[in-house]
Amino acid sequence: MCIRDRPLPDQELVFNSKAKLNNVPSTRRAGKTGGISYYSLIFGCQRKKIAICYPTHADSLETFNKIESAALPLIKKGGINRSHLIINLKTGGQIRFFSYESFARIRGKKFHYVFLDEFQECRIDESMFWAALLPTLADYKGQAFFFGTPKKGTLIHKFSLMTGPEWAHYKMTAENNPFIDPEEIKLQKKILNPLVFAQEWQGQFVDFSGDLWMYDLNTELHYFDEIEYDRNHRLTLTFDFNVDPGTCLVMQKIDDHVDNGGGINFINEFTKKGGTEAVCQEVLKSVSYTNLRAHETVLDIVCRLLLEKKTHTNNT
């Protein structure tokens, strides 16, 4: 990993913020990870304490290794703790890594800066999240920076609506990265779904709900007035709990040519607010257990009855 002599314009603006809480919707290739690495070393050389948070331990380890290799001349002798992902610098500064999957480890620590990357993946209860984070900033009047893909229904989306003197709002986009050829951006815009381009290149919050297979969906080719349940093929229920309301799609993979009804057929959809349990209950409440067959599991009966009900409705 190479640390640049000078940060990118978006990086310079964001990391020089004076606000306590900084929400930064970010796109791919915007330079957020490079900015976190660059400024962690800058602030660390100023004897600051820094925390960097990622969704998983593996994600944290990847950036830990990159910073370690770039900062070898700055690291104090014996200053690497791999078991706890800590880098101690010769100046007295320190960089520590955490993950959202074990975020409680941050409790009791003190930091000048907390950088939370891929924040759209943070699934921690909001009240518990603040209870763990805010005390770590109290002693040094520290700052927190939330970086992540602008997805609706996530904490980074909710934080984008926050107001008050403690909040600052920025955006880091690939469009503003001077190292990305403008012609490449034009090509991406031409090829990508408009919503995908708005989210991944322009940093806009968009909503993909209701867009089945949004990248390739062709309504004339893929929509049918009626799809029947084929008893000779396996039923599949797929759940997405990363949005609210959560959703469950009922489908079948038919091993035949599309003209003969082949392909992956989406037959029914259930949506429900309230998380995983609420979505499952929405599916289960339509099931009559008196219809169980000897060879069927509960999942089998849920699939069969829901699809039979849908097929009957379509045929009437």
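**The open sheet**

Modeller: This is a predicted model, and its chain holds ten helices and eleven strands. Of the 316 residues, 43% count as buried. The chain exposes about 17500 Å², with carbon and sulfur atoms supplying 52% of that area. Among contacts with a separation of 6 or more, 62% are between residues 24 or more positions apart.

Now to the sheet. Eight strands form an open sheet, in the order S3-S4-S5-S2-S6-S7-S1-S8, and their pairing is mixed. The edges are taken by strand S3 (75-81) and strand S8 (167-169); each has a single partner strand, so one side of each has no neighbour in the sheet. From one strand to the next, the twist averages 15°.

Ile80 has Ile87 of S4 as its bridge partner. In general, the strands of a sheet pair through backbone hydrogen bonds, and the pairing is either parallel or antiparallel.

Two helices can be described against this sheet. Helix H2 (residues 32-45) packs on it and touches strand S2 (49-54), S4, strand S5 (94-99), strand S6 (113-116) and strand S7 (143-148). The direction of H2 makes about 160° with that of S2. Helix H3 (residues 57-70) also packs on the sheet, where it touches S2, S3, S4 and S5. For H3, the angle of about 160° is made with the direction of S5.

How values were computed. Residues numbered from 1 in each chain as written. Predicted model: local features only at pLDDT ≥ 70, side-chain atom pairs only at ≥ 80, totals over all residues. Heavy atoms only, no water. Helix = DSSP H or I, 4+ residues; strand = E, 2+ residues; numbered from the N terminus. Buried < 20%, exposed > 50% of the residue type's maximum accessible area, 1.4 Å probe, protein only. Contact = heavy atoms within 4.5 Å. Areas by Shrake-Rupley, 256 points an atom, 1.4 Å probe, with all protein chains shown as cover. Pairing = 2+ DSSP bridges. Axes fitted to C-alpha atoms, helices over the stretch in contact; angles between N-to-C directions.
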